[in-house]
Amino acid sequence: MKLKTKIAQQMKDIFLERDWSVATSYKTELTDLPWKKATTKLGSMNSIAVLAFHIDYYIAGILNVFENGKLEISDKYSFNMSPIKSQEDWEKLYNKTWIDAEKLAILVKQMPENKLEEVFVDEKYGNYYRNLTALVNHSYYHLGQIVLIKKMLKQ
């Protein structure tokens, strides 16, 4: 299996399917969560909704590079979520994540294998491989936080 295909599958596993290595996915963790719990802030931790927004911010940013060749995101805005005031708002957020993740996984799988070594927009960002694997690793980190926060909310 080609490396790009493995990366695309990892994206599908963590966002849309149930990743066997962590026994869950974003879709599994978020779709059964009421919006009031998703927006509950415990102490100094981010809410689950903010973490979901944060991850989709990066998915959408990388997706934009694939679709338009432009990197138009900045870390300083990655937690700037508009308020979620209803279940509908919450569902729009997580459904956007599924759509963006699916599109990105498809584009990764379709790209030429040698693109993984190409510069990602600017040399300071490294190559496509670095950015795609960083997205996957970053997403696992925040998925772990989401799982823990959900457990804490049940207590």
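This is a short tour of the structure, with one selection after another.

Before you click, note that this is a predicted model, where local features need pLDDT of at least 70, side-chain atom pairs count only at pLDDT 80 or more, and totals for chains, interfaces and linings use all residues. Residues are numbered from 1 along each chain as its sequence is written, and side-chain values use heavy atoms, with hydrogens and water left out.

**Stop 1: helix α5**

Select residues 87–110, which make up helix α5. Helices here are DSSP runs (H or I, at least four residues), numbered from the N terminus, and strands would be runs of E with at least two residues. With 24 residues, α5 reaches 35 Å from its first C-alpha to its last, close to the expected 34 Å. That expected span is 1.5 Å times one less than the number of residues in the helix.

Now colour the buried residues of α5, which include Trp-90, Leu-93, Leu-104 and Val-108. Buried means under 20% relative accessible area, exposed means over 50%, and partly exposed is in between (1.4 Å probe, protein chains only). What covers these residues? Show α1 (3–15), α2, α3, α4 and α6, which are included in the cover.

**Stop 2**

Zoom in on Met-11. Setting aside residues up to four places away in sequence, Met-11 touches Leu-16, Leu-104, Ala-105, Val-108, Leu-132, Leu-135 and Val-136. Contact here means heavy atoms within 4.5 Å.

**Stop 3: Ser-139**

Next, pick Ser-139 in helix α6. Is Ser-139 buried or exposed? At 0% relative accessibility, Ser-139 counts as buried. Apart from neighbours within four places in sequence, the residues in contact with Ser-139 are Ile-14, Phe-15, Tyr-26 and Ile-55.

**Stop 4: salt bridges**

Time for some charged side chains. A search of the whole structure turns up six salt bridges; each is a side-chain nitrogen of Lys or Arg within 4 Å of a carboxyl oxygen of Asp or Glu.

Start with Lys-150 and Asp-32, whose closest N and O atoms are 3.1 Å apart. Lys-150 sits in helix α6 (residues 128–154) and Asp-32 in the loop between α2 (26–30) and α3 (35–38), so this pair ties together parts that are 118 residues apart in sequence. Lys-150 is buried, at 11% relative accessible area, whereas Asp-32 is exposed, at 53%.

Then select Asp-56 and Lys-96, which form a salt bridge at 2.8 Å, N to O. Asp-56 belongs to helix α4 (residues 48–68) and Lys-96 to helix α5, and they are 40 residues apart. Asp-56 is buried, with a relative accessible area of 4%, while Lys-96 is partly exposed at 38%.

One more: Lys-115 and Glu-118 meet at 3.5 Å, N to O. Both ends are partly exposed, Lys-115 at 22% and Glu-118 at 36%.

**Stop 5: aromatic rings**

The structure holds seven aromatic pairs. Rings of Phe, Tyr and Trp (its six-membered ring) pair if their centres lie within 6.5 Å; planes under 30 degrees apart are stacked, over 60 edge-to-face, and the rest tilted.

Look at Tyr-94 and Trp-98: their ring centres are 5.7 Å apart and their planes lie at 35 degrees, so the pair is tilted. They are four residues apart in helix α5, which means about one helical turn separates them. Both Tyr-94 and Trp-98 are buried.

Compare Phe-120 and Tyr-128, an edge-to-face pair with 5.0 Å between centres and 80 degrees between planes. Phe-120 and Tyr-128 are both buried too. For a cluster, select Phe-53, Tyr-57 and Tyr-58.

**Last stop: Val-121**

End at Val-121, in the loop between α5 and α6. Val-121 isn't a glycine, yet has a positive phi of about 65 degrees. Most residues other than glycine have a negative phi. Val-121 is partly exposed, with a relative accessible area of 41%.
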